[in-house]
Structures are given as structure tokens and as C-alpha cells.
Amino acid sequence: MSDRMGPLDHAAVDELGAALALEALERDELNAVTEHLESCPEPHAELRSLLGAGDVLAASLEPVPPSTGLRGRLMRTVSTTAQEHVTAATAAAPTDEPAVEPRRGRLFDWFSPNLARGLAVAAVVVAIAFGIWNVSLQGQISARDQALRAVAQAIASGQTAFRVNGAGGAGYLVADENGTATFVGANLARLNANQIYELWLIGSDNKPVAVGTFTPSTDAVAVVPLERGISGFAVFAVTAESHRVDAPTSQPVMTAKLGS
Amino acid sequence: MTEPTPHDDALAQRIRFGDREALGVLYDRYASLALAAAIRVVADREVAEDLVHDAFVAVWRKIDKFDPERGSLRSWLLTVVRNRAIDRVRGLRQTIEVGEADAQSLLRSGPNPTWEAAVERLSVADLRDAIEALPAEQRQAVELAYFGGRTYREIATITGVPQGTANGRLRLALGKLRDALASSTAAPLGAPEPLPVRETDR
């Protein structure tokens with residue numbers, strides 16, 4: 001059967017409303033009905049009152065608990081499954097080179113929170129030692145050392161660290177008891193010359209709040225204090241933008257869930 | 001900082017930001033319902049569990065296509081499950097694209113208050129009673145359409161009636177069901193806001 005049929009009038013469309021709601025139209029009819037509705041100034045209230053009826057049919061079934069292993073299987077699958085919008089954002093980024101292609105040998109890849117806590121004191125000592133070495137030899141602390149020191153000092157002093165990761169890099173968001181927070185990122189994807197990273201906090205209202213911008217250092221590290229505290233927010237995110245914006249214009253390249 | 005029982009829209013936002021734990025919450029909330037729907041269509045628990053797994057993976061991968069302005073996350077998930085199950089039974093497309101699968105969602109401008117209220121406020125038994133109160137031939141037509149994936153033309157052939165009769169049974173059934181549920185929930189008879197123009201990228 002052809003996927004095309006002639007235009008339908010209002011009455012004919014209304015006649016097919018229930019079949020539309022139950023997805024019981026042939027393809028040609030579905031196309032004709034949707035085309036009509038997309039451009040029709042009439043409200044078609046009766047038809048639209050039927051859309052969504054399938055929800056009731058599904059909800060009328062007695063729930064069946066899944067096997068105990070299904071949840072774990074699902075979580076294992078998604079742990080290795082890329083989300084399309086993230087992949088698309090990566091692919092669509094302006095390129096001399098991929099804008100959010102992570103670098104190899106990530107600084108924080110091994111850096112689980114538990115491990116971090118165990119190594120925190122040693123890390124501080126090492127970082128400070130290297131810091132002094134750098135200061136004496138180079139007159140400045142490298143950004144990478146600065147990042148390590150920030151994380152280690154935060155954890156050693158009892159602050160909370162939230163793992164941040166994604167296609168754009170990895171790191172931690174460290175926060176004190178007042179919610180004052182600093183993003184420490186490493187292995188950050190290089191951006192094009194006209195791009196910056198922008199930081200966001202998102203609460204239960206789903207509205208991202210801009211809390212800072214940065215460009216990675218030459219060794220792909222950043223230490224960025226957030227412009228406001230994280231209390232009351234559920235998600236931290238990083239997007240790549242052409243300039244500071246009030247609302248994200250692209251999908252996040254790194255995220256962290258805040259809270260225990 | 002995390003809501004004890006986050007709303008579905010908040011879960012969708014978290015999933016969009018790559019939060020796998022949020023997908024786990026969604027699974028805990030709706031997997032039993034999704035599995036019931038899948039089993040009802042394919043009549044095989046093992047196959048149904050595979051379909052539910054694949055549907056949640058599809059939600060994870062394609063969460064960017066979910067638009068809360070057009071319907072609930074639960075409805076979207078169940079549509080994915082149902083369509084995959086029907087395709088499995090009927091041997092059609094093996095991998096259906098989310099978004100393409102839910103043509104009517106493209107026409108919605110928001111969750112329909114009647115059906116949404118019924119699902120949220122009534123028990124499974126109440127919903128089942130409302131469906132079973134339909135005349136047998138109307139209930140059969142509805143179930144062949146929704147759980148069997150049959151078009152009204154196919155329903156006409158299966159039940160031996162003219163196509164207009166089969167289509168009329170669907171209309172009568174949903175009209176009665178809507179009115180019965182609206183009176184049960186005291187929800188407004190549901191016509192959402194005017195239809196938007198379909199987005200070309202969906």
C-alpha cells in the first residue's frame with residue numbers, strides 16, 4: 001500500500017481519532033491525519049481528547065516484577081552505551097580537531113573517592129613538595145599540580161568531592177560544609193579558539209544556573225571556583241559555548257550528580 | 001540535595017545529563033509496568049524482559065528526543081516498550097526508532113488530563129473494571145489494536161465486520177472509557193492546548 005493518500009477533511013480526520021490514539025491506522029492514513037492536524041486551524045478537541053488512551057490500557061495490567069538480574073544487566077549495558085545527544089554534540093563541534101575529544105591517560109581515571117580519601121594526605125604532601133620544587137625551579141606551580149593540590153587538600157580537610165566526568169574530560173567538584181565549591185578538571189578536551197567551557201548548577205526545577213566559565217590550561221587542567229554554592233542543586237554540568245550564555249546552547253560534556 | 005522521590009521530568013533531566021542512577025530510579029519505578037505490557041503482547045517472559053531491557057537502553061540513548069511538553073516520561077517509555085513488543089510479535093522492524101515510534105506524541109501538546117489523572121489516581125483494578133465494562137466487541141477491538149498492534153482494517157478482517165464498524169467500535173470504546181474515567185477522577189474532559197506544528201527534527 002502506498003504511504004500517500006489524498007487530503008482528508010475535518011470530519012474524516014475526526015472519524016479516525018480513536019484509531020490514531022491506539023496506533024491502529026495504516027501508514028497512509030496516519031500520514032494523512034498527521035499532515036491535516038499539523039496545519040489545521042480547527043481544534044479537533046474530540047480527537048485530541050482520545051490521544052494518550054493507551055496509557056490507561058497499559059496501566060490496567062497487573063505489574064510483573066522483573067527478574068532480579070535485569071536491573072544489573074541494564075546498568076551494565078548503559079555503562080558502556082553512549083547517549084546519542086552526547087555523541088552528536090561531540091561530532092558536531094566545530095573542528096580543527098574534535099572539541100570534546102578526551103585525551104588519553106586521564107589524570108583522574110584512577111581517582112575513585114575511596115581511593116582519594118586514602119591517598120589524600122600523601123597527595124597533599126607530594127603536591128606541596130612538587131609545588132615547592134616547581135616554584136623554586138619554574139617560579140610557578142603547574143596547573144596540573146595546582147589541580148591535584150586542590151582536590152587533595154579539599155578531601156584531606158573533610159570537604160565533599162563529587163565525581164565529574166563525560167566526553168569532555170574528568171575531575172571533581174569539591175565543596176565545603178557551606179556549599180562553596182570548586183571544579184577541578186583534568187584531561188579536558190581542547191576547545192576551538194572561539195569557545196569556552198561554562199559551568200552550570202541544576203536544581204529540581206530543571207533550570208540551569210550559570211556559575212562560571214573557563215578555558216583549560218595548556219596542559220588541559222582547570223581549577224575554577226563556582227560563583228555560587230551548590231546547596232539545593234542536584235546536578236553539576238559543563239557545556240562548551242561560544243561565549244558566556246544564560247542558558248546552555250549545547251549538551252553537557254561533563255556532569256556530576258550532587259548529593260550522597 | 002537529591003529529592004527523595006524525584007518527579008519524572010527531573011529524572012529525565014538527570015538522564016539527559018548522563019546520570020545512570022536516575023535511569024535506575026526510572027527502572028525501579030516503571031519496570032514492572034513495562035514488563036506487564038511486554039508480556040501482554042509477546043506472551044513470553046524471557047522475550048519480554050529482553051524488550052524491557054532494550055526499551056530502557058533506548059530511553060538512555062535517545063533521552064534527548066523526550067519532550068515533557070508533549071507527554072509524560074512514563075507514557076513515552078510504555079510506548080517504546082509496546083511498539084517494540086508488537087514489532088517483535090509481528091516480525092516488522094527489528095529496531096524501531098524512538099520518536100518515529102510514537103506518532104501521536106508528535107500531535108500532543110501536553111499530557112492528556114483525563115488519561116493522566118486516571119493512571120495516577122485510580123488503582124489497577126479500577127482501570128481494569130472500566131475497560132471490562134465496555135461492550136465485549138468494543139473491548140476486543142481496543143485490545144486487538146493496542147496489545148495486538150492491529151489496524152482497524154485488520155481488526156475488521158479478524159472480527160468479520162466492515163471497516164467502518166471496526167473503526168466505530170474503537171471510537172465508541174474510547175469515548176465511553178474517557179467519560180467513565182473522567183467521572184471517576186473528576187478530571188476535566190481532556191483536550192490539551194492547541195496543537196503545535198510538528199518539529200521537523202523529530
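**View 1. V164(A) is a buried residue in this predicted model**. Look around V164(A) and you'll find 24 other C-beta atoms within 10 Å. The cut-off for "buried" is 20 or more, so V164(A) counts as buried. As for its place in the fold, V164(A) sits in strand β1 (residues 160-166) of chain A.

**View 2. Here are the residues that V164(A) touches**. Leaving out residues up to four places away in sequence, its contacts include A170(A), G171(A), Y172(A) and L173(A). F183(A), G185(A) and F236(A) are also among them, and so are M254(A), T255(A) and A256(A). Take M254(A): along the chain it is 90 residues from V164(A), yet their C-alpha atoms are 6.2 Å apart in space.

**View 3. Chain A meets chain B**. The contact uses 66 residues of chain A and 75 residues of chain B. On the chain A side, the elements that give two or more residues include α2 (17-21), α3 (27-39), β7 (235-241) and β8 (254-257). Helix α6(A) gives the largest share, eight residues. Sorted by class, this side of chain A has 36 nonpolar, 19 polar and 11 charged residues.

**View 4. How confident is the predictor about chain A?** The average pLDDT of chain A is 73, and 68% of the residues score at least 70. Among the elements of chain A, α6(A) has the highest mean pLDDT, 94, while helix α8 (residues 113-138) has the lowest, 37. Across residues 92-141 of chain A the pLDDT is below 50. Even so, that stretch has 72 contacts in the model beyond near neighbours in sequence.

Key. Residues are numbered from 1 along each chain as its sequence is written. Chains are lettered from A and ligands numbered from 1 in the order in which they are written. This is a predicted model: local features need pLDDT of at least 70, side-chain atom pairs count only at pLDDT 80 or more; totals for chains, interfaces and linings use all residues. Two residues are in contact if their C-beta atoms, placed from the backbone, lie within 7 Å. Helices (H or I, at least four residues) and strands (E, at least two) are DSSP runs, numbered from the N terminus. Ala, Val, Leu, Ile, Met, Phe, Trp, Tyr, Cys and Pro count as nonpolar, Asp, Glu, Lys and Arg as charged, and the others, Gly among them, as polar. pLDDT is the predictor's confidence in each residue, from 0 to 100. A residue is buried if 20 or more other C-beta atoms lie within 10 Å of its own, exposed if 12 or fewer, and partly exposed in between; C-beta atoms are placed from the backbone.
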